[in-house]
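Student: I would like to go through this structure with you and learn what stands behind the words that are used for it. Could we take the terms slowly, setting each value against its cut-off?

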Amino acid sequence: MVELTTAQQRAYMSDYLENGWQNEKMTFASVSLEPGYIDGKIDVEKYSMMGDGKFHFSAQSAMIWISQLGIIYGCWDNHLPKKVGEVYIRNLDITFKRVINKTEKVRFEGFFPKHCKKKLSDNLVYYKDARIHVESGAFTGSASFMVPIA
């Protein structure tokens, strides 16, 4: 087995993964809900430029905003006025099919069919395999969330 020196490791590493994502600032431009569905649009206000001179919506950022959608939907669906505890992602399976370069109103959709919701106790609800679509299927997959309700 070969052990890399610190210099060799650094030569291979991504600047973005080490520091760049920490410099990003994104916010919801809008959030709309109905039973079984949430639609959030994200504005990218600040980002690190990739080596090719283009913005790329990263897997790391996508996971953050998928988490936010799950939190918002779970709280809204259970008629909570605010989040009452930590919401946990139990499973996340995402395929990144196409690059997303836009920075305004990047669309995140979550589909929560009735059969995916299960009350585990008086103070905990589980959403299993909610479908996730980002920017018309550029990123797609499923996520499961544990949502405290009391």
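Student: Why is Arg-90 called exposed?

Tutor: Arg-90 has a relative accessibility of 57%, and exposed means over 50%, buried under 20%, and partly exposed in between, with a 1.4 Å probe and protein chains only, so Arg-90 counts as exposed. Before we go on, please keep in mind that this is a predicted model, in which local features need pLDDT of at least 70 and side-chain atom pairs count only at pLDDT 80 or more, while totals for chains, interfaces and linings use all residues. Residues are numbered from 1 along each chain as its sequence is written, and side-chain values use heavy atoms, with hydrogens and water left out.

Student: Where does Arg-90 sit, and which residues does Arg-90 contact?

Tutor: Arg-90 belongs to strand E3, residues 88-96; helices (H or I, at least four residues) and strands (E, at least two) are DSSP runs, numbered from the N terminus. Once neighbours within four places in sequence are set aside, Arg-90 is in contact (heavy atoms within 4.5 Å) with Tyr-126, Ser-144 and Met-146. Arg-90 and Tyr-127 are 37 residues apart in sequence, and their C-alpha atoms are 9.3 Å apart in space.

Student: What makes a group of residues a nonpolar core?

Tutor: The term stands for a set of buried Ala, Val, Leu, Ile, Met, Phe, Trp, Tyr and Cys residues joined through side-chain atoms within 4.5 Å. The largest such core here has 32 residues, and those with the most contacts inside it are Phe-57, Phe-108, Phe-112 and Phe-139. At least two residues of this core come from each of strand E2 (37-46), helix H3 (59-77), strand E4 (106-111), strand E6 (124-134) and strand E7 (139-148), and H3 gives the most, with seven residues. If we do not count residues up to four places away in sequence, the residues that Phe-108 touches include Phe-57, Trp-65 and Leu-69.

Student: Why is the pair of Glu-135 and Lys-102 called a salt bridge?

Tutor: Side chains of opposite charge can pair when their charged atoms come close. The term asks for a side-chain nitrogen of Lys or Arg within 4 Å of a carboxyl oxygen of Asp or Glu, and the closest N and O atoms of Glu-135 and Lys-102 are 3.3 Å apart, so the pair is a salt bridge. This pair links distant parts of the chain, with Glu-135 in the loop between E6 and E7 and Lys-102 in the loop between E3 and E4, 33 residues apart. Glu-135 is buried, at 19% relative accessibility, whereas Lys-102 is partly exposed, at 36%.

Student: How many salt bridges does the whole structure have, and which residues are linked in a network of them?

Tutor: A search of the whole structure finds seven salt bridges, and Asp-39, Lys-41, Arg-107 and Glu-109 are linked in a network. Glu-109 and Arg-107 meet through their side chains at 3.6 Å, N to O; Glu-109 is buried, with a relative accessible area of 14%, and Arg-107 is partly exposed, at 31%.
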